[in-house]
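Open the model in your viewer and keep the selection tool at hand. This tour goes from the whole chain to single residues, one stop at a time.

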Amino acid sequence: MSGLLPSALEFDSHMIFLTVMAAELVRAARSESKGEPERLRFSYYTAGTGGAGPTILATSFLLLGEEVVAYSKGEKIKVKPYSGMRNIDFGKGIGKKDVYLLNLPEVRSAHEILGVPTVSARFGTAPFYWNWGMVAMTNLLPVELLRDRSKVQKLVELFDPVVRAVDEIAGERVSMRVDLECSDGRQTLALFSHRQLSVSVGAATAAFAIAILEGSTQPGVWFPEEPEGIAIEAREALLERAAEGTISFIMNKPPWMVETDPKELGLGIYL
């Protein structure tokens with residue numbers, strides 16, 4: 001993921017799962033709708049560090065040192081990390097949470113592989129003051145510090161005891177939401193929520209392993225959205241296996257099923 005931390009399995013397996021959900025939304029839209037996919041939004045939430053501790057903390061800090069790459073009507077743009085807040089409803093068991101623009105790899109692959117002209121990704125955590133802290137770090141700390149792994153590791157060691165204490169209260173719920181808008185006004189979403197990030201990571205990793213053993217992938221290195229990465233006909237089984245034990249798992253449904261009413265604050269960039 002962005003060449004940062006190969007050990008950040010929490011991000012890697014979930015982000016791959018997220019892109020497969022997006023690929024299915026786009027495929028369904030193109031087969032069922034008269035319009036073309038125009039806008040894809042990824043929203044990712046974890047309570048605290050999701051029980052992952054220093055690994056996800058270090059990854060998050062390092063990402064604050066990267067400009068956010070997003071796409072607006074086919075144009076590649078770069079914006080400030082942890083800006084453009086949106087309040088997103090993650091539905092049953094999670095509720096409404098604030099999420100912020102972050103430089104996540106599925107944005108580029110969704111734009112290039114799925115051919116969606118406007119794509120962005122956001123991340124948020126709880127308690128809410130952790131988000132405030134991330135915004136403060138982005139605004140107050142030098143970019144050079146946030147890009148230096150050794151200095152970031154020292155920050156992680158400094159914050160780790162406090163973060164672990166709060167994690168005991170916050171829990172480790174995780175939720176991922178993908179919203180798709182098409183040119184004919186069609187809007188659909190995919191939603192995945194689980195009580196324990198660590199358990200959901202295991203289920204997602206196992207689902208991908210089973211897909212490989214069943215021959216649903218091709219030799220080589222592929223984006224998850226590509227049929228060589230996961231065969232189109234194998235996506236449904238993979239998603240169902242990875243969704244075992246979830247609070248909520250919704251695919252290709254209208255937004256009103258989650259009763260979302262997103263609000264955007266910041267620079268007015270419609271992403």
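**The whole chain**

Start with everything selected. The protein chain exposes about 12,300 Å², and carbon and sulfur atoms supply 56% of that area. Accessible areas come from the Shrake-Rupley method with a 1.4 Å probe; for residues, only the protein chains shown count as cover.

Before going further, note that this is a predicted model: local features need pLDDT of at least 70, side-chain atom pairs count only at pLDDT 80 or more, and totals for chains, interfaces and linings use all residues. Residues are numbered from 1 along each chain as its sequence is written, and side-chain values use heavy atoms, with hydrogens and water left out.

Switch to a cartoon view. The secondary structure comes to eight helices and ten strands. Helices (H or I, at least four residues) and strands (E, at least two) are DSSP runs, numbered from the N terminus.

Of the 271 residues, 54% count as buried. Buried means under 20% relative accessible area, exposed over 50%, and partly exposed in between (1.4 Å probe, protein chains only). Contact here means heavy atoms within 4.5 Å. Among contacts between residues at least 6 apart in sequence, 74% join residues at least 24 apart.

**Colour by confidence**

Now colour by pLDDT, the predictor's confidence in each residue, from 0 to 100. The chain averages 85, and 86% of the residues score at least 70. Which elements have the lowest and the highest mean pLDDT? Strand S10 (residues 263-264) has the lowest, 57. Strand S2 (residues 68-72) has the highest, 96. Then select residues 1-11, where the pLDDT is below 50. Beyond near neighbours in sequence, this stretch has 38 contacts in the model.

**Into the core**

Next, go inside. In soluble globular proteins, nonpolar side chains tend to be buried together. A nonpolar core is a set of buried Ala, Val, Leu, Ile, Met, Phe, Trp, Tyr and Cys residues joined through side-chain atoms within 4.5 Å.

Select Phe17, Met21, Leu40, Phe42, Phe61, Val178 and Leu238. Of the 60 residues in the largest nonpolar core, these touch the most other members. Helix H1 (residues 9-32) gives this core its largest share, ten residues. A second, separate core has eleven residues, including Tyr45, Phe90, Ala126 and Leu191.

Centre on Phe42. Leaving aside neighbours within four places in sequence, its contacts include Leu18, Ala22, Val119, Arg177 and Val178.

**Salt bridges**

Show the charged side chains. A salt bridge is a side-chain nitrogen of Lys or Arg within 4 Å of a carboxyl oxygen of Asp or Glu. How many are there in the whole structure? A search finds nine.

- Select Glu32 and Arg186. Their closest N and O atoms are 2.9 Å apart. Glu32 is in helix H1, while Arg186 is in the loop between strand S7 (174-182) and strand S8 (187-194), 154 residues apart. Glu32 is exposed, at 51% relative accessible area.
- Select Arg108 and Glu112. This salt bridge spans 3.1 Å, N to O. Both residues lie in helix H3 (residues 106-114), four residues apart, about one turn of the helix. Glu112 is partly exposed at 43%, and Arg108 is exposed at 51%.
- Select Arg177 and Asp179. Here the N to O distance is 2.7 Å. Are these two buried or exposed? Asp179 is buried, at 14%. Arg177 is buried too, at 2%.

Finish this stop with Glu24, Arg27 and Arg235. Salt bridges that share partners join these residues into one network.

**Backbone details**

Most residues other than glycine have a negative phi, and most peptide bonds are trans. Look for departures from that.

Select Ala126 and Pro127. The peptide bond from Ala126 to Pro127 is cis, with omega near 0°. Pro127 is in the loop between strand S6 (118-126) and H4.

Move to Tyr82. Its phi is positive, about 55°, although Tyr82 is not a glycine. Tyr82 sits in the loop between strand S3 (75-79) and strand S4 (86-89). At 4% relative accessibility, Tyr82 counts as buried.

Then try Asn252, in strand S9 (residues 248-253). Asn252 has a positive phi of about 60° and is not a glycine either. At 23%, Asn252 counts as partly exposed.

**Last stop: the surface**

Together with Phe128, they form a nonpolar patch on the surface, with about 380 Å² of accessible area. Patches are made of residues with over 30% relative accessible area and no salt bridge: like charges are joined within 9 Å, nonpolar side chains (Val, Leu, Ile, Met, Phe, Trp, Tyr) within 5 Å.
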